[in-house]
Amino acid sequence: MKKSILIAMAVMVFGLTVNAQEEKKESKVQHLTYKEFLKKVWDFEKSPNTFVYKGKLPAIVDFYADWCGPCRRVAPIMEKLAEEYDGKLLIYKVNTQNEAGLASAFQIRSIPTVLFIPMEGQPMMQVGALPEEGYRQVIEQHLVK
């Protein structure tokens, strides 16, 4: 009996240690507030009719909500892509519940909605979740040629 309890405790401690290590891993995906969006992506308050991208790398903006199942499936894909394309592409997330002003400004009616921003030209919007390969295809063809 004592042996079983010790084994169970060891498994719990190991599990907590692994979870703590995973949480320490810093994400390359950046969460944006309304003000940060205006500063880093596009100040649509100053230039509402002309898209002027402020970034130095192409970007993806993932509009999501924590309660959204498809958004939760897209999140690890975005993390993986952010790691893989580090230095070539920026990936941002906007929580539509916390940043309702941004969601409204972009007329987000369905989530996930992903905004793809090339260095030149107009951004493209994708409503709904894509498989990983779909995001890769857009990235390779339109963002990091």
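**Entry 1: a helix pair**

In which crossing, right-handed or left-handed, does helix 3 pass helix 5? I looked, and helix 3 passes helix 5 in a right-handed crossing. A crossing is right-handed if the near helix is turned clockwise from the far one by less than a right angle, and left-handed if anticlockwise.

A note to myself before going on: this is a predicted model, where local features need pLDDT of at least 70 and side-chain atom pairs count only at pLDDT 80 or more, while totals for chains, interfaces and linings use all residues. Residues are numbered from 1 along each chain as its sequence is written, and side-chain values use heavy atoms, with hydrogens and water left out.

Back to the pair. Helix 3 covers residues 69-84 and helix 5 covers residues 132-143; their axes lie 10 Å apart at an angle of about 40°. The axes are lines fitted to C-alpha atoms, for helices over the stretch in contact, and the angles run from 0 to 180 degrees between N-to-C directions. The two helices are therefore oblique to each other, a label for whatever is not roughly parallel (under 35 degrees), roughly antiparallel (over 145) or roughly perpendicular (65 to 115). I also listed the residues that meet: from helix 3 they include Ile77 and Leu81, and from helix 5 they include Tyr135 and Ile139. Contact here means heavy atoms within 4.5 Å.

**Entry 2: the whole chain**

I counted 5 helices and 5 strands, in the order α-β-α-β-α-β-α-β-β-α along the sequence. These are DSSP runs numbered from the N terminus: helices are H or I with at least four residues, strands E with at least two. Of the 145 residues, 39% count as buried. Buried is under 20% relative accessible area, exposed over 50%, and partly exposed in between (1.4 Å probe, protein chains only). Among contacts with a separation of 6 or more, 69% join residues 24 or more positions apart.

**Entry 3: aspartate 62 and lysine 93**

Next I picked a charged pair to follow. Aspartate 62 sits in strand 2 (residues 59-64), and lysine 93 sits in strand 3 (residues 90-95). Is aspartate 62 buried or exposed? Aspartate 62 counts as buried because its relative accessible area is 0%. Lysine 93 is buried too, at 7% relative accessibility. Aspartate 62 has Met78, Pro112 and Thr113 among its contacts on the same terms.

**Entry 4: around threonine 113**

That list sent me to threonine 113, in strand 4 (residues 113-117). Threonine 113 is buried, at 2% relative accessibility. Its side chain reaches the backbone oxygen of serine 110 at 2.4 Å. Threonine 113 and tyrosine 64 are 49 residues apart in sequence, yet 7.0 Å apart in space, C-alpha to C-alpha.

Proline 112 belongs to the loop between helix 4 (100-105) and strand 4. Glutamine 107 is in the loop between helix 4 and strand 4 as well; glutamine 107 has a positive phi of about 50° although it is not a glycine. At 58% relative accessibility, glutamine 107 counts as exposed.

Technical notes. A polar contact is a pair of N or O atoms within 3.5 Å; within protein, one must be able to donate a hydrogen and the other to accept it, and residues adjacent in sequence count only if both atoms are side-chain atoms. Lists of a residue's contacts leave out its neighbours within four places in sequence.
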